[in-house]
Amino acid sequence: QVQLVESGGGLVQPGGSLRLSCAASGFPFSFYSMYWYREAPGTERELVASISRSSITNYADSVKGRFTISRDNAKNTVYLQMNSLKPDDTAVYYCKKSSPDYWGQGTQVTVSS
């Protein structure tokens, strides 16, 4: 069955960096676009970044220039490199596969001094 397992979250100071990973299994990873979303308390889940099967990327305006999404098809893994983190980036970050949709369990990112 499809599984998406996120890792790499944690507590980081403002201005710091984290790299999230999402290990995928149960489907032909290289054929699918992959997505990172985030959900902060009291807000709707929002799309942060996406990467197509040909590695075309798109980003939310709020993270452009700070976050980078990438994929390693040999490892069935999608990454989110997050730099210059701000307190507003605090959220649970989720990996998603579409058509049909599957979600990971999420990983908490907290940006605080």
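**Salt bridges in a predicted all-strand chain**

At 45% relative accessibility, aspartate 101 counts as partly exposed. This value, like the others in these legends, comes from a predicted model.

**Figure 1. Lysine 96 and aspartate 101 form a salt bridge.** Aspartate 101 is partly exposed, whereas lysine 96 is buried, with a relative accessible area of 8%. Side chains of opposite charge can pair when their charged atoms come close.

**Figure 2. Aspartate 89 and arginine 66 meet through their side chains.** The N to O distance in this salt bridge is 2.8 Å. Aspartate 89 sits in the loop between strand E8 (77-82) and strand E9 (91-97), and arginine 66 in the loop between strand E6 (57-59) and strand E7 (67-72), so the pair ties together parts that are 23 residues apart in sequence. Are these residues buried or exposed? Aspartate 89 is buried, at 1% relative accessibility. Arginine 66 is buried too, at 11%; the cut-off for buried is under 20%.

**Figure 3. Arg38, Glu46, Arg66 and Asp89 belong to one network.** The four residues are joined by salt bridges that share partners.

**Figure 4. Lysine 64 pairs with aspartate 61 in a salt bridge.** The closest N and O atoms of this pair are 3.2 Å apart. Aspartate 61 is exposed, and its relative accessible area is 64%. In the whole structure, a search finds 6 salt bridges. The chain carries 11 positive and 9 negative side chains. The centres of these two sets lie 8 Å apart.

**Figure 5. The chain as a whole has 11 strands and 0 helices.** Its radius of gyration is 13 Å, close to the 13 Å that the globule rule gives for 113 residues, so the chain is as compact as a globular protein of that length. Along the principal axes, the C-alpha atoms fill a box of roughly 40 × 25 × 20 Å. Of the 113 residues, 42% are buried. Among contacts with a separation of 6 or more, 53% are between residues 24 or more positions apart. The chain exposes about 5900 Å², and carbon and sulfur atoms supply 47% of that area.

Conventions:
Residues are numbered from 1 along each chain as its sequence is written. This is a predicted model: local features need pLDDT of at least 70, side-chain atom pairs count only at pLDDT 80 or more; totals for chains, interfaces and linings use all residues. Side-chain values use heavy atoms; hydrogens and water are left out. Helices (H or I, at least four residues) and strands (E, at least two) are DSSP runs, numbered from the N terminus. The radius of gyration is taken over C-alpha atoms; the globule rule is 2.2 Å times the number of residues to the power 0.38. Buried means under 20% relative accessible area, exposed over 50%, partly exposed in between (1.4 Å probe, protein chains only). Contact means heavy atoms within 4.5 Å. Accessible areas come from the Shrake-Rupley method with a 1.4 Å probe; for residues, only the protein chains shown count as cover. Lys and Arg count as positive and Asp and Glu as negative; His and the chain ends are not counted. The place of a charge is taken as NZ of Lys, CZ of Arg, CG of Asp or CD of Glu.
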